[in-house]
Amino acid sequence: GVLDRWLAQGALPTRTLPFSPLAALHPGHLGSPFALALEAQGHRARDGLGGYAGQLAPGFELALQSGDLVALDWWFARVPELVQKVPPSRAQQLSWVPLARALTPGFIPDVAQRDRIVTHLLARGADPWQRLPHDPAQSVLGFARAIGSPQLALLQAPRPVPVALARAAD
């Protein structure tokens with residue numbers, strides 16, 4: 001209720017707050033009337049990337065960690081490049097690759113949830129051959145091999161050729 005009143009009173013102006021209300025929202029609230037009202041007022045998901053002053057994980061990272069596939073798709077629909085790389089949220093950080101982070105047991109302890117998230121990311125176009133920002137000599141696939149990831153088979157599985165490419169080849 002308080003946030004709704006603030007929004008109605010103009011207390012959450014676009015591009016002047018020191019934080020992004022959309023990035024601060026719990027992933028489960030991204031489809032809420034409040035989130036829709038924020039977007040209608042001009043708040044953008046893209047503004048929630050980069051500088052982040054909060055103590056909790058930003059919204060996209062929390063969606064990935066919690067396995068909220070609906071929230072991930074919400075972010076991908078608005079910022080498609082997030083499927084490949086996420087910009088750093090704090091100074092002295094590097095960008096990161098969601099597919100590599102999803103493979104990390106410390107980030108997502110449950111193996112079945114990691115499988116689900118990795119499958120989802122791959123279906124959205126995540127590239128297992130993408131190089132890691134912190135180690136450009138290593139790909140996501142190489143990282144999976146190095147840590148003995150149970151998701152290695154998912155990363156190595158052939159993926160269907162996108163329809164547009166298949167038709168262009170005809």
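In this predicted model, phenylalanine 60 has a relative accessibility of 3% and therefore counts as buried, the cut-off being under 20%. Tryptophan 75 is likewise classed as buried, because its relative accessibility is 1%.

The structure contains 4 aromatic pairs. A pair of aromatic rings is described by the distance of the centres and the angle of the planes. For the pair formed by phenylalanine 60 and tryptophan 75, the centres are 6.2 Å apart and the planes make an angle of 80°, an edge-to-face arrangement. Phenylalanine 60 belongs to helix α4 (residues 59–66), whereas tryptophan 75 belongs to helix α5 (residues 69–78); the pair therefore ties together parts that lie 15 residues apart in sequence. Both residues are also members of one aromatic cluster, made up of Phe60, Trp74, Trp75, Phe76 and Trp96.

Tryptophan 96, a member of this cluster, also has a charged group over its ring: the charged end of arginine 101 sits 3.9 Å from the ring centre. The charged end of arginine 101 sits over the ring of phenylalanine 107 as well, at 5.4 Å from the centre of that ring.

Empty space inside the model was also examined. Rolling a probe the size of a water molecule over the atoms shows where empty space is left. The count comes to 1 cavity of 30 Å³ or more. The largest cavity has a volume of about 110 Å³. It is lined by 11 residues, of which Leu49, Pro58, Val86, Pro87 and Ser89 are the closest to its centre. By class, the lining of the largest cavity consists of 6 nonpolar, 4 polar and 1 charged residues.

Definitions and conventions:
Residues numbered from 1 in each chain as written. Predicted model: local features only at pLDDT ≥ 70, side-chain atom pairs only at ≥ 80, totals over all residues. Heavy atoms only, no water. 1 Å grid on protein atoms, 1.4 Å probe; cavity = no way out; pocket = protein on both sides within 12 Å on 5 of 7 lines; lining within 4 Å. Points joined across faces, edges and corners; volume = space filled by probe spheres on them. Nonpolar A, V, L, I, M, F, W, Y, C, P; charged D, E, K, R; others polar. Phe/Tyr/Trp six-rings, centres within 6.5 Å; stacked < 30°, edge-to-face > 60°. Helix = DSSP H or I, 4+ residues; strand = E, 2+ residues; numbered from the N terminus. Buried < 20%, exposed > 50% of the residue type's maximum accessible area, 1.4 Å probe, protein only. Lys NZ or Arg CZ within 6 Å of the ring centre and 35° of its normal.
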